[in-house]
Amino acid sequence: MKELFKGIPKIAYEGAKSKNMLAFKYFNPDEVILDKPMREHLKFALSWWHTLCAEGADMFGVGTADKTFGAEDVMGHAKAKVDAGFELMEKLSIDYFCFHDVDLVAEGATLAESNARLDEISDYVLDKMKQTGKKCLWGTCNAFSNPRFMHGAGTSPDADIFAYAAAKIKKALEITVKLGGNGYVFWGGREGYETLLNTDVKFELDNMARLMKMAVEYGRSIGFTGDFYIEPKPKEPTKHQYDFDTATACNFLKTYGLDKDFKINIEANHATLAGHTFQHELRVAAVNGAFGSIDANQGDMLLGWDTDQFPTNIYDAMMCMYEVIKAGGFTNGGLNFDAKARRGSYTMEDIFYSYIAGMDTFALGLRKAAELIADGRVDEFVKERYSSYQTGIGAEIVAGKIGFQELEAYSLKKEPSLPKSGRQEYLESIVNNVLFQG
């Protein structure tokens with residue numbers, strides 16, 4: 001196979017003191033942490049779209065990076081992206097990838113032509129998987145970029161568009177199953193509204209649920225045994241999107257009886273756009289039994305849109321991995337970087353620098369999260385904070401043995417005690433000590 005990233009070796013782990021920019025400082029794939037190799041804790045996945053397709057274009061200018069990989073025709077370009085993707089995964093020790101249908105190959109003039117292209121390129125991908133042992137984390141369908149989806153896909157007011165979206169999802173599910181993917185993602189890129197004056201919200205939500213139920217029924221019928229995911233996002237491009245945040249998505253799933261098949265795919269940047277922390281969204285998913293997978297990019301706190309940056313915030317990565325470990329780790333999900341090199345980073349080397357930075361950030365975050373858990377003081381603090389519910393009146397409340405009358409009588413006899421002071425400051429000091437030690 002022709003080497004596309006010439007002069008870049010397989011990226012090795014060299015430790016925190018290394019000055020080599022093309023080396024991992026913290027990500028050591030086979031190092032065991034909490035009884036499991038680091039690569040299994042993190043389950044890194046290459047995102048086909050930004051890594052292999054994004055050229056640095058934005059609303060003010062065309063692309064700056066050449067992602068043709070030396071190809072000229074449509075199928076040649078699609079195969080060149082496959083070659084580039086597998087070379088990247090091999091050199092970066094990434095075990096998984098994820099994709100949209102149009103990332104693999106450009107749409108044809110007709111649905112039939114698009115499907116034929118997907119069949120051909122997925123055969124090529126499957127051959128590469130067999131040769132390398134790389135795996136598909138999840139697949140999805142782009143039902144937002146084409147002008148036909150200007151008013152949404154599952155929530156479009158046009159039944160013909162709903163039907164077309166269903167046809168695309170059907171094919172994307174087939175390709176996901178073909179490639180052995182354990183997840184299928186719904187990201188409602190335009191499933192929302194601009195104004196309520198022309199929108200039947202109830203009908204659109206019902207239709208979105210209908211589409212998802214069809215996807216579950218068809219997916220299970222063709223052998224898909226993994227998880228379906230919703231990826232929440234509050235806004236942009238629509239003013240309000242129906243999958244606003246994790247709590248909203250969980251409510252939608254339970255309302256329409258989809259919660260047995262769907263979990264949440266959480267993106268850090270989307271969490272901040274919704275006014276939440278990354279950790280908050282992970283915790284809400286976990287307590288609802290809906291933790292699934294992670295898009296591990298970050299946003300710029302000074303910008304109010306989705307900037308899709310490679311993660312470099314160690315604190316966020318630590319608290320993310322703290323939540324992942326506490327939730328029992330990944331099952332079908334993993335960590336993909338729905339992220340892209342900056343517009344000014346247009347060379348092939350910059351892709352490697354970006355991934356190394358992101359992977360090292362999460363590797364260090366994993367190390368620190370493991371230390372925080374092993375330290376035990378946070379768990380003890382939380383346990384002690386709610387200790388009044390272990391005995392006496394608290395235990396009776398939890399057991400459901402008493403009601404308002406008994407609680408009123410109890411309160412009349414006992415003056416409530418004031419909260420102990422200084423506890424929150426103590427907890428924050430534990431976290432900061434673990435994060436910044438050494």
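Which residues make a nonpolar surface patch of about 470 Å²?

## Surface patch

The patch is made by Val-382, Tyr-386, Tyr-389, Ile-397 and Val-398. Patch residues have over 30% relative accessible area and no salt bridge, with nonpolar side chains joined within 5 Å. Val-398 is found in helix H14 (residues 392-399).

## Basis

This is a predicted model: local features need pLDDT of at least 70, side-chain atom pairs count only at pLDDT 80 or more, and totals for chains, interfaces and linings use all residues. Residues are numbered from 1 along each chain as its sequence is written, and side-chain values use heavy atoms, without hydrogens and water.

## Salt bridges

The count comes to 28 salt bridges (a side-chain nitrogen of Lys or Arg within 4 Å of a carboxyl oxygen of Asp or Glu). One of them pairs Asp-119 with Lys-171, the closest N and O atoms being 2.6 Å apart. Asp-119 lies in helix H5 and Lys-171 in helix H6, so the pair ties together parts 52 residues apart in sequence. Lys-171 is buried (under 20% relative accessible area), at 11%.

Lys-233 forms a salt bridge with Glu-236 at 3.1 Å and with Asp-306 at 3.3 Å. The Lys-233 and Asp-306 pair ties together parts that are 73 residues apart in sequence. Lys-233 is buried at 4%. Asp-306 is buried at 12%.

Notes: Patches are made of residues with over 30% relative accessible area and no salt bridge: like charges are joined within 9 Å, nonpolar side chains (Val, Leu, Ile, Met, Phe, Trp, Tyr) within 5 Å. Accessible areas come from the Shrake-Rupley method with a 1.4 Å probe; for residues, only the protein chains shown count as cover. Helices (H or I, at least four residues) and strands (E, at least two) are DSSP runs, numbered from the N terminus. Buried means under 20% relative accessible area, exposed over 50%, partly exposed in between (1.4 Å probe, protein chains only).
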